[in-house]
Amino acid sequence: MRLAPRSIQGRMLALSATATLVALLLAGVIVAGILGRVVTQGIDRRLDAQLALIATAVGKDGTLDRARLRQVQGALDAGPGWRWRVEAPALELGSEDFPQIEAGPPEHLTGAAGRGHVRPIEGLSRDGDAVHGRALRLETSGGAVTMFATAPRDIIERPVRDALLPLLGMLGAIGALLGLAALSQVRLGLRPVRRLRDEVAAVRDGSIAAVDEAQPEELRPLAEELNALVRDNAAALASARASAANLAHALKTPVATLALDLRDDPRAAQVERIDTTIRHHLSRARLDSSSIRAVTRVEPALEALVHTISQLHAGRNIMVEVDAARDWAVAIGPSDFDELLGNLIDNAARHARTGVAIEVQPDGRLLRFEVSDDGPGIPAAERDRATAPGVRLDERGDGHGFGLAIARELAALHGGALKLEESAQGGLAATVTLPLSKRTIS
């Protein structure tokens, strides 16, 4: 199962942080290795020099010159933990506490004596401390002579540690600077994306007609496709309105003729109702079909609707209360707003026992209108059916939601939604959302 994609900025920063951390760790390991090798090479040169001194006391027949060894004794005891040893065919001399060692593979001919092979050695002192050394094997007429020189391994590791501590601090500072640079780079790099997002939102709420196509090379095709989509939607809307207008024109004359024929018939009211609906949709079809949405101020529009509907239900003493934090503006035409909210408020007033409550609150980029009443409500099983296109519950005689389907279609057309629930008073709570306009009046 694929996981939902996270923030692009977060992923880019995580990738940059991971790459930076790996690079710094790799740099630290490499630098530590180089420092260790350089220090080891310096110690090895000192050990090779000691071996060269010991080799001066070895005769061609494998005998040892004790007097010569006593002369170089001071140079061989270079400090605490430095040890040496000579193993000749007839004699072994050296430090009494010479460590246990393991010799590595032989290296190339050494310049210490010019006539033998030198090998690195590692081992442990009697105190358990690690030692590092060199071994030189000379072939003489009397047999092989092997010389050893060792030094505490700590004299190699200590300089490396001392050098790494400030190095790690410097690498940490470099990592922090690289992190800040990556953050700045990501934010600057994603700025066109955020700007394009804001432009798309502006197109959606009607502030502009199209997004700016002067985008970076990577985003220009996306901007062009978005504008093409806006144009296609506008063309589809224009075609739909033209079809509605043609249908309204086709029905207008037959309905007018039928109204004349039924002038004194009780059914004339229904014909008049049909004629009013046709004229309404014909007027809507004549509206500007551009992608710029109209804007409606909520406070005066709601005030007019509440006044009108209160007058219609004045005989029942229905109280209509409005709770709106401020004067908002929504991206919908005044006539559509009146039809949408008017249907919901009128429906609530017709079925309320004592009153209707209207609450207006922001919900992100949307404005939420909740119209609730204390009437009998609509059963949960019937709520979806009440808003289905072409279904009229009041035609079955239960009196619920004549305009709910139209309200749902209008809300969806303008980027909102309609939801029916049970109100706190036990009646119906109709919640509709509409896009806020950036031209909101403060």
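Here are a few friendly notes on the nonpolar cores and aromatic pairs of this predicted model.

1. Let's start with the largest nonpolar core, which has 38 residues. Within this core, F337, L340, L341 and F369 touch the most other members. Two or more residues each come from α7 (298-312), α8 (334-351), β10 (355-363), β11 (366-373), α10 (404-413), β12 (417-422) and β13 (428-435). Helix α8 gives the largest share, seven residues.

2. F337 deserves a look of its own. Leaving aside residues up to four places away in sequence, F337 touches T296, A301, L302, L305, V330, I332, G342, F369 and L434. Apart from the core described above lies another, of 24 residues, with L64, W84, V118 and M147 among them.

3. On to the rings: searching the whole structure turns up two aromatic pairs. One of them joins F98 and F148 in a tilted arrangement, with 5.8 Å centre to centre and 55° between the planes. Because F98 sits in the loop between β2 (92-94) and β3 (100-103) and F148 in strand β6 (residues 143-152), the pair ties together parts 50 residues apart in sequence. F98 and F148 are both buried.

4. F337 and F369 also form an aromatic pair, this one edge-to-face, at 5.8 Å centre to centre and 70° between the planes. Here, too, distant parts of the chain are linked: F337 belongs to helix α8 and F369 to strand β11, 32 residues apart.

Technical notes: Residues are numbered from 1 along each chain as its sequence is written. This is a predicted model: local features need pLDDT of at least 70, side-chain atom pairs count only at pLDDT 80 or more; totals for chains, interfaces and linings use all residues. Side-chain values use heavy atoms; hydrogens and water are left out. A nonpolar core is a set of buried Ala, Val, Leu, Ile, Met, Phe, Trp, Tyr and Cys residues joined through side-chain atoms within 4.5 Å. Buried means under 20% relative accessible area, exposed over 50%, partly exposed in between (1.4 Å probe, protein chains only). Helices (H or I, at least four residues) and strands (E, at least two) are DSSP runs, numbered from the N terminus. Contact means heavy atoms within 4.5 Å. Rings of Phe, Tyr and Trp (its six-membered ring) pair if their centres lie within 6.5 Å; planes under 30 degrees apart count as stacked, over 60 as edge-to-face and the rest as tilted.
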